[in-house]
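Colleague: Please take a close look at one part of this model and describe its surroundings in detail. Give the cut-offs as you go.

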Amino acid sequence: MPSLAYNIHYELFALFLTVLIYIELCLCMPKHTQKNRLFRRMTQMVIVTTVFDLLSAFTNVMQGMRVLTLLINTGYFSCGLLLCHLLHDYVERAIIPEDGKHIAMRFNRVLLAVLEALMVVNLFTGWLFGVTPEGEYYHGPLFMLQHIASMYYVLCTSVALFINRRRLSFPQQLSSYLFIGLFLLGLLLQTFVCPDVLLIMPIVALMLLVATFSLESPDYVQLQKALQELTLTKQQLEIANEKYYQAAYNDLMTGLKNRSAYMTRLRELEEQKPLPATVVLIADLNDLKRINDDFGHQQGDEALVQVAQLLQSSFGEGYECYRIGGDEFAVLGQNVTAEAFQSSFAAFHSAVKQANESTPYPVLVATGYQFVDDLPLEEAIRQADEKMYQNKKDLKVGLG
């Protein structure tokens, strides 16, 4: 198996540059950023990764330290993966809307757990990397997997930053693009130019701090809080508007639209010139007072609900059903033919007749309808109402 010799001078220079800029950024980091729990976790991981990086640089050029070299490199690569994941997690929490990040975050956490488990397995298999009995470090057949995983996390971070770029100020966007560019540069250098220098993790650590410092600016934090408050207010308004609409335009007992909705719909129809094929049906539950007196108000309410359900089930698509008074209902149909209406009308009366077989009181519904045709809408409603009252009288005569 081929060995890999490291140039300790280049490695120390890269680490020194990373630590120097890290300290500089920490000194000028705003206090609210230093108190951020996720930022603290990332900075701690930068320190741990840097220590492992330095130790691996020394042990990889020394002989006779097989176990120590293997453990240190395992710790280094494990911390490097965790560092990339923390950066991605930070960006998602910072800029991606709440409803669009849960699935991706869960998948990336599972992926991280699998990769970290593979690091443990590698101690016994050498699939990723290993150390010969003589203490020489070498790459295993799956060595590039850890770099591909790091690239995946950075790619996810890059996509998230690009898609949500309008949520960032120009300096924040510039910082994000700088991070992506330098990471890719470090990867290319390590893969094709300087394989003996670990440039990826120092550059990730460096640009992680730059991105963190930029994204956690005071203006950005205040903007995020304002956006969250506006979103919450918008949701509260939508809920309040929905409740208001339900109370204002729906009959709570029957579930039909109420008289206010009926009058609003009539005004809308009057503005349509010409009206499409439109029919108006007026229905009235006879002897509601007798039902209330003889069987109780609960039975009276159940009779009203029953009539409403029969109207809805009989007059389906193309019709709107309303409760416009105590025992009075209306149905408006548009774009319906006379034949289709007659079919629904017959189905309604058949359903009323069938309902009478299972109620202790007679359910009698007087109806009257009128097609609008060339009539004014108001006149059509008046004629339908007259027909309903005539039918009401006929029902009483028949009952008597």
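Modeller: Leaving aside residues up to four places away in sequence, Phe315 is in contact (heavy atoms within 4.5 Å) with Leu281, Cys321, Val331, Phe341, Ser344, Phe345 and Phe348. The model is predicted, with local features requiring pLDDT of at least 70 and side-chain atom pairs pLDDT 80 or more, while totals for chains, interfaces and linings use all residues. Numbering starts from 1 along each chain as its sequence is written, and side-chain values use heavy atoms, without hydrogens or water.

Of its 29 residues, Leu285, Leu311, Phe315, Phe329 and Val365 touch the most other members. At least two residues each come from strands E3 (278–285), E4 (319–323), E5 (328–334) and E6 (365–371), and from helices H11, H12 and H13 (338–356); these are DSSP runs numbered from the N terminus, helices (H or I) of at least four residues and strands (E) of at least two. A separate, second core has 17 residues, among them Leu266, Ala330, Val372 and Ile381.

Two of the contributing helices also meet: the axes (lines fitted to C-alpha atoms over the stretch in contact, angles from 0 to 180 degrees between N-to-C directions) of H11 (residues 288–295) and H12 (residues 297–314) come within 6 Å and cross at roughly 140°.

Methods
A nonpolar core is a set of buried Ala, Val, Leu, Ile, Met, Phe, Trp, Tyr and Cys residues joined through side-chain atoms within 4.5 Å. Buried means under 20% relative accessible area, exposed over 50%, partly exposed in between (1.4 Å probe, protein chains only).
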